Amino acid sequence: MIEPMNVPEGLYDDDVVCFLAERYNVSTCDVIRRFLVQERGEASSDGPVAEFSLEDNEMEILRGLTRMRR
């Protein structure tokens, strides 16, 4: 079983996450939820996941941000 990922503090306010939220017309929480679903298959207990998909390069950028902020 995959251990749930802890979202690093401040990631919701990161400029890249805010940019992606604006790009997809969703909240920063939606961007992080979508990232977790695409990356780890984690369902969100905070509500439904918005219906959009992050592109491969966006996923890679978010992976880097989560590694940097741990």
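A residue counts as buried under 20% relative accessible area, as exposed over 50%, and as partly exposed in between. The exercises below apply this and related criteria to a predicted model.

**Exercise 1. Classify Cys 29 and Cys 18 as buried, partly exposed or exposed.**

Step 1. The relative accessible area of Cys 29 is 34%.

**Exercise 2. Determine how many disulfides the model contains.**

Step 1. The criterion is a pair of cysteine sulfur atoms within 2.5 Å.
Step 2. Under that criterion, the count is zero disulfides.

**Exercise 3. Describe the secondary structure of the protein chain and the confidence attached to its helices.**

Step 1. The chain contains three helices and zero strands, which gives the pattern α-α-α along the sequence.
Step 2. The mean pLDDT of the chain is 86, with 81% of the residues at 70 or more.
Step 3. Confidence is highest in α1, at a mean of 97, and lowest in α2, at 91.

**Exercise 4. Identify the buried residues of α3 and what covers them.**

Step 1. The buried residues are Glu 58, Met 59, Leu 62, Gly 64, Leu 65 and Thr 66.
Step 2. Their cover includes α1 (15-24) and α2 (28-40).
Step 3. Leu 62 illustrates this packing: leaving aside neighbours within four places in sequence, Leu 62 is in contact with Val 17, Leu 20, Val 31, Phe 35 and Leu 54.

**Exercise 5. Characterise the largest nonpolar core and the chain around it.**

Step 1. The core has 14 residues, of which Val 17, Val 31, Phe 35, Leu 54 and Leu 62 touch the most other members.
Step 2. Each of α1, α2 and α3 supplies at least two residues of this core, and α2 gives the most, with four.
Step 3. Across the 70 residues of the chain, 36% are buried.
Step 4. Among contacts with a separation of 6 or more, 54% join residues 24 or more positions apart.
Step 5. The chain exposes about 4,700 Å², of which carbon and sulfur atoms supply 48%.

Definitions and conventions: Residues are numbered from 1 along each chain as its sequence is written. This is a predicted model: local features need pLDDT of at least 70, side-chain atom pairs count only at pLDDT 80 or more; totals for chains, interfaces and linings use all residues. Side-chain values use heavy atoms; hydrogens and water are left out. Buried means under 20% relative accessible area, exposed over 50%, partly exposed in between (1.4 Å probe, protein chains only). Contact means heavy atoms within 4.5 Å. Accessible areas come from the Shrake-Rupley method with a 1.4 Å probe; for residues, only the protein chains shown count as cover. A nonpolar core is a set of buried Ala, Val, Leu, Ile, Met, Phe, Trp, Tyr and Cys residues joined through side-chain atoms within 4.5 Å. pLDDT is the predictor's confidence in each residue, from 0 to 100.
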